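Here is a short briefing on the model shown below. It takes the chains by topic, then turns to one residue.

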Amino acid sequence: MKFSVKKLALCAILAALALGLSTLESLFPVSLAVPLPGVKLGLANIVTVFALYVLGPVEALAILVTRCLLGGLFSGTATALVFSLLGGLCAMGVMILLQRSRRLSVYGVSIGGAAAHNAGQILAAVITLGNTMVVGYLPFLLAVALATGSLTGFVVSLLLRATAHLHLNNQSDNR
Amino acid sequence: MRSNSSPAKTRPTPWDALVVAAVVLLGALTALLFYGPKAHADAPLTCVVSVGGQVADAAPLASFSGEHTYSHNGYTLTVFVHDGQVEVLHSDCPGQDCVRSGAISRAGQSLVCLPAQVVIHLEGAVDGPDVIVG
Amino acid sequence: MKRALSLAAALALVLSLTACGAPKKAETSLFAMDTYMTLVAYGDGADEALTESARAINELEQLLSRTREDSDVWRINHGGGKVSSETVQLLARALAFSDETGGAFDITVAPLVDLWAINSDHPHVPSQAEIDALLPLVGSEHVSFGARESAAPGSYDVAYVDEGCAIDLGGIAKGYASDAVKEIFAAHGVKSGTVSLGGNVYVCGMRPDGKPWNVAVQDPQGDGYACILSLSDTFVVTSGGYQRFFTAEDGTVYQHIIDPATGAPARSDLLSVTVICPDGTRADAYSTALYVMGEEAAVGFWRLQQDDPFEAVLITADGRLVCTPGLTDHFTKQEGASYEIQFLSR
């Protein structure tokens, strides 16, 4: 596995974009509806899904981890890091699995990812708070995930169509 | 693994509905678990009795019914547990504060006998207050 | 792929270093100052904070107890003399509160407490003549203290009371102790916790889940709660006559708080008074004072303190729960408690 210069640059740009998006979404705090520290909409998932499709799972994972670590570094709280990383990794895992099914569209993959993202954050909350009662928030978060997942799917489908001619995933860069 | 060799599906397929259904199902299940009819049935309370700083008894309130006696510092308390309540029935301590405190039945409440250093505390229930003043 | 694995391993290592789990909870309880105390703290310094708090409380008890023969208060009551500067500072605050509350809070009421034997095994009703004989001994003018004038090495503070007089800092010691605990918590970086020193509560920061603490005010007439207050970083102190009382031979029920003006247990039209403010010592003194004052004077006193406001919940004997307006957003009615809720206007 080797990252070409082009791919590396693309990964870096996408990671920066994801970081920007996760900062942007802090302007729309879900915490108003769900009073848990660190729970987020998951807008940055747009980048993850996009990367997953045009670059592949390893690259998407690298972008995700970079985004989470840098985001955690900027916010300076370990809790935020745990939340975003656990949420992100859950989403990643589920999306990699779902994407392998040729029958699902971008929508199905991103909705599944968003749901997994929120489930992962609840898991993080259970771990950091040591209290399983927070699982009671999961239904609300899953409802939110349906909406954000669809939105993410919509945006990514637009992106994929718009960038199809660029051949970002040309064979020479793929494994 | 050529995961990206075939063009990505950018329009919703009927199979996507399966994912949505799975998410809805998961949400409904947890909702039922947490907000279902039984969720707010009396959460089980644990009655913890400590004598002189040591836990002497810790038992679910429901299975702790009847009279229990505790002796410490030369005083003896008779504690009566019935119908989800705990009260100090009798104490030979001078102040009688513990007897006067009446019955407790909610999480977080406690009965304290200072001379005998007996503390009866009800633990459990998630909705109880964090601290009681008075 | 090897590289990916080592990358993952390195990441896991970094994570294990940065990601702290649930805030550590530590808990302790102790019998001190004639009451039962429970302290809960969250965070890395919690254990040390609790150990030090318990030690500080015991030290304060040694200093401020009326019954321990090696205490500062004992020394003051038995001829006076050398006391710690901490005791003198608290004494000064107590006298200031007495002044502020028009004597409703008064540490010199001790001889009358003894006369009624109110905290003993056998309380009794004295004759009016006995009370009248002791009433002149009540008052701040009987207390003297100061730093010793010669600033010699090892200089100390002195305090004494007039012949026959006595002080009891019991009405303020727990509040003072809760202030001390607050400082110890802060020094150890504890940002979340609850401290309950028998009627004196300190809620430190927010709950670990980021919400304010729910403080239940005991219903003086039942076994439940009168209301719930959602609070953070403040002190909550309740005084009331409903817990300690005795029944005289003629059937009259006397509670345990002596009114310094009459020399008899206060016949308050209040069942309990809860004072909320960021100063534990002040909250302790005020809760007693407001209870002794009764509803009308207590509300008047509250209005006079607008430049340094405090919040209060008064539960009246005629079934009303009177709240200061600052509590509006912190107040939750309790089902089962049948008090008519009234909010005071500013």
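**Briefing: chains C and A**

Chain C has 9 helices and 19 strands; both are DSSP runs, with helices being H or I of at least four residues and strands E of at least two, numbered from the N terminus. This is a predicted model: local features need pLDDT of at least 70, side-chain atom pairs count only at pLDDT 80 or more, and totals for chains, interfaces and linings use all residues. Residues are numbered from 1 along each chain as its sequence is written, chains are lettered from A and ligands numbered from 1 in the order in which they are written, and side-chain values use heavy atoms, leaving out hydrogens and water.

**Chain C**
- Of its 346 residues, 52% are buried (under 20% relative accessible area, 1.4 Å probe, protein chains only).
- Among contacts (heavy atoms within 4.5 Å) with a separation of 6 or more, 58% join residues 24 or more positions apart.
- The accessible surface (Shrake-Rupley method, 1.4 Å probe) is about 15,600 Å², and 52% of that belongs to carbon and sulfur atoms.

**Chain A**
- Chain A contains 6 helices and 0 strands, in the order α-α-α-α-α-α.
- Buried residues make up 51% of its 175.
- For chain A, 73% of the contacts with a separation of 6 or more link residues 24 or more positions apart.
- Its accessible surface is about 7,300 Å², with 74% belonging to carbon and sulfur atoms.

**A:Thr152**
- A:Thr152 sits in helix H6 (residues 138-163) of chain A.
- A:Thr152 is buried, at a relative accessible area of 4%.
- A polar atom of the A:Thr152 side chain lies 2.7 Å from the backbone oxygen of A:Thr148.
- Beyond neighbours within four places in sequence, A:Thr152 contacts A:Asn45, A:Ile46, A:Val49 and A:Ser110.

Definitions and conventions. Buried means under 20% relative accessible area, exposed over 50%, partly exposed in between (1.4 Å probe, protein chains only). A polar contact is a pair of N or O atoms within 3.5 Å; within protein, one must be able to donate a hydrogen and the other to accept it, and residues adjacent in sequence count only if both atoms are side-chain atoms.
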